[in-house]
Amino acid sequence: MAERYRDALDAFGPCDVLGVSMGGFAALELARRDDRVRSVALGLSAARLSRHGRESLSTWDRWAADGEWRRVYRAGVRTVVTGLGRRLGALAARGFARLRIPPMRDLRRTVAATLAFDATPWLDRVDVPALVVGGTRDPFFTDEAFAAAASGLDARHERLDGWGHDAMIAGGRLVDRQVAQFLA
């Protein structure tokens, strides 16, 4: 996935890279491999998934393999959406499961890559300014994992107390503000 983003660097030249959630994994790979990355910011992402994050994705992968797409979509919504958005998301997931042809191959390949990713051994080789923004209630990464990623990158760690992956959806501009300050 990171390799494909090198095409964007070919088109745009040196840039600052933001990776959100699993996109943080691609951002780290790109920052490690391409000197046109000026800085990297991880929004709700660390160097590897937590145990709970790996278990969740493994479960969703099994459900997908069994054709239980409605369960996959509902679990995804429950995991990342809070409040009224969760109810709306559940309705959307139900409709999506009925109308959409399931992306079996893409999901399973993405899950496998996400489960296997671990940047911990080489974080210190990412030699650009970095930022790690993570919530204390994240379903895929622990607060300790965010702090460890920041430490390995010699980066600033911005902690979002009480927030999980919903920070991007329900948290207004919580992550945006941290990234904007970092880039400034």
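**Close-up views of a predicted model**

**View 1. Helices H3 and H4 pack against each other.** In this predicted model, helix H3 (residues 51-65) packs with helix H4 (residues 69-80) at an angle of about 155°, and their axes lie 7 Å apart. An angle over 145 degrees counts as roughly antiparallel, so H3 and H4 are roughly antiparallel to each other. On the H3 side, look for Trp60, Trp63 and Ala64. They meet Trp69, Arg71, Val72, Ala75, Gly76 and Thr79 in H4. Sorted by kind, the residues of this contact are 6 nonpolar, 2 polar and 1 charged.

**View 2. Four strands form an open sheet.** The order of the strands is S1-S2-S3-S4, and their pairing is parallel. Which strands stand at the edges? They are strand S1 (15-20) and strand S4 (156-160). Each has a single partner strand, so one side of each is left without a neighbour in the sheet. On average, and with direction ignored, neighbouring strands of this sheet are turned by 15° against each other.

**View 3. Glutamine 178 sits in helix H9.** This helix covers residues 174-183. Is glutamine 178 buried or exposed? Its relative accessibility is 16%. Buried means under 20%, so glutamine 178 counts as buried. Who are its contacts, once neighbours within four places in sequence are left aside? Glutamine 178 is in contact with Leu131, Val133, Arg156 and Glu158.

**View 4. The whole chain puts the close-ups in context.** Stepping back, you can find 9 helices and 4 strands in the chain. Along the sequence they follow the pattern α-β-α-β-α-α-α-α-β-α-β-α-α. Of the 184 residues in the chain, 42% are buried. Take the contacts between residues at least 6 apart in sequence: 69% of these join residues at least 24 apart. The accessible surface of the chain comes to about 10,200 Å², and carbon and sulfur atoms account for 51% of this surface.

How values were computed:
Residues are numbered from 1 along each chain as its sequence is written. This is a predicted model: local features need pLDDT of at least 70, side-chain atom pairs count only at pLDDT 80 or more; totals for chains, interfaces and linings use all residues. Side-chain values use heavy atoms; hydrogens and water are left out. Helices (H or I, at least four residues) and strands (E, at least two) are DSSP runs, numbered from the N terminus. Buried means under 20% relative accessible area, exposed over 50%, partly exposed in between (1.4 Å probe, protein chains only). Contact means heavy atoms within 4.5 Å. Accessible areas come from the Shrake-Rupley method with a 1.4 Å probe; for residues, only the protein chains shown count as cover. Axes are lines fitted to C-alpha atoms, for helices over the stretch in contact, and angles run from 0 to 180 degrees between N-to-C directions. Angles under 35 degrees count as roughly parallel, over 145 as roughly antiparallel, 65 to 115 as roughly perpendicular and the rest as oblique. Ala, Val, Leu, Ile, Met, Phe, Trp, Tyr, Cys and Pro count as nonpolar, Asp, Glu, Lys and Arg as charged, and the others, Gly among them, as polar. Two strands pair if DSSP finds at least two bridges between them.
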